[in-house]
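Thanks for coming. I have one model to walk through today.

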Amino acid sequence: MKKIIEPAPVARDEYGFWSHPELPDFDEGDGVKYSSWLAQQQLTAQRVDMEDDASDELNDRVMDGDIAAVADWAPTSPGPDWFLLAIYDTEDGPVAWFASRALAAS
């Protein structure tokens, strides 16, 4: 079995983006590969969209082209047993991905 990913210190870049250092690079369309990796890691993942999670002011800044406003967003964790996998930009706006091993085991 491959190394089991664990929570890591989050050091976001100047735009507020970050990716767990042990998270493999997945390309667009790699959904099956990503799902397989989550299963191997015994993880459940949950996406948090900045549009739904951040203040209107932060969302307005991003919509006005200030992508660095993402750095001011503190994504809401789904719960205490979750850790951050990544924060990045998508066609639909910034998102954060959290993972939980506790939920996958239940």
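E6 has a relative accessibility of 44%, so it counts as partly exposed. The scale is this: buried means under 20% relative accessible area, exposed means over 50%, and partly exposed lies in between, with a 1.4 Å probe and protein chains only.

A word on the source. This is a predicted model, so local features need pLDDT of at least 70 and side-chain atom pairs count only at pLDDT 80 or more, while totals for chains, interfaces and linings use all residues. Residues are numbered from 1 along each chain as its sequence is written, and side-chain values use heavy atoms, with hydrogens and water left out.

Back to E6. Its salt-bridge partner is R101, with the closest N and O atoms 3.8 Å apart. A salt bridge here is a side-chain nitrogen of Lys or Arg within 4 Å of a carboxyl oxygen of Asp or Glu. This pair links distant parts of the chain: R101 sits in helix α4 (residues 101–105), E6 in the segment before β1, and they are 95 residues apart. Helices and strands are DSSP runs, numbered from the N terminus; a helix is H or I with at least four residues, a strand is E with at least two.

How many salt bridges does the rule give? The count comes to 6. Another one joins D49 and R47, with the closest N and O atoms 2.8 Å apart. D49 is partly exposed at 22%. R47 is partly exposed too, at 34%.

Then D72 and R61. Their closest N and O atoms are 3.0 Å apart. D72 lies in the loop between α3 (56–63) and β3, and R61 lies in helix α3, so the pair ties together parts 11 residues apart in sequence. D72 is partly exposed at 48%, and R61 at 25%. Salt bridges with shared partners join E57, R61, D66 and D72 into one network.

Now the sheet. In what order do the strands lie? The open sheet has 4 strands, in the order β1-β3-β4-β2, with antiparallel pairing. Two strands pair if DSSP finds at least two bridges between them. The edge strands are β1 (18–19) and β2 (44–49), each pairing on one side only.

Take β3 next. Strand β3 (residues 82–88) runs antiparallel to β4 (residues 95–100), and 6 bridges join them. Across that pairing, L84 stands opposite F98, and A86 stands opposite W97. The β3–β4 hairpin has 6 residues between its strands, and there G93 takes a positive phi near 110 degrees. β3 also pairs with β1, antiparallel, over 2 bridges. W18 is opposite I87 there. Is β3 enclosed or open? It is largely enclosed by the rest of the structure, because 6 of its 7 residues are buried.

On to helix α1 (residues 31–41). Its buried residues are Y34, W37, L38 and Q41. Down the axis of α1 they fall within an arc of 100 degrees, so they line one face. That arc is taken over the directions from the helix axis to the C-beta atoms. The face turned away carries the exposed residues V32 and A39. After α1 comes Q42, with a positive phi near 55 degrees.

Aromatics. There are 4 aromatic pairs. Rings of Phe, Tyr and Trp (its six-membered ring) pair if their centres lie within 6.5 Å; planes under 30 degrees apart count as stacked, over 60 as edge-to-face, the rest as tilted. For Y34 and W97, the centres are 5.9 Å apart and the planes at 70 degrees, so this pair is edge-to-face. Y34 is in helix α1 and W97 in strand β4, so the pair ties together parts 63 residues apart in sequence. Y34 is buried at 18%, and W97 at 19%. One aromatic cluster takes in F26, Y34, W37 and W97.

Last, the cores. A nonpolar core is a set of buried Ala, Val, Leu, Ile, Met, Phe, Trp, Tyr and Cys residues joined through side-chain atoms within 4.5 Å. Which members of the largest core touch the most others? Of its 15 residues, they are M50, V70, W73, I87 and A96. α3, β3 and β4 each supply at least two residues of this core. Its largest share, 3 residues, comes from β3. A second, separate core of 12 residues includes L23, Y34, W37 and L38.

That's the tour.
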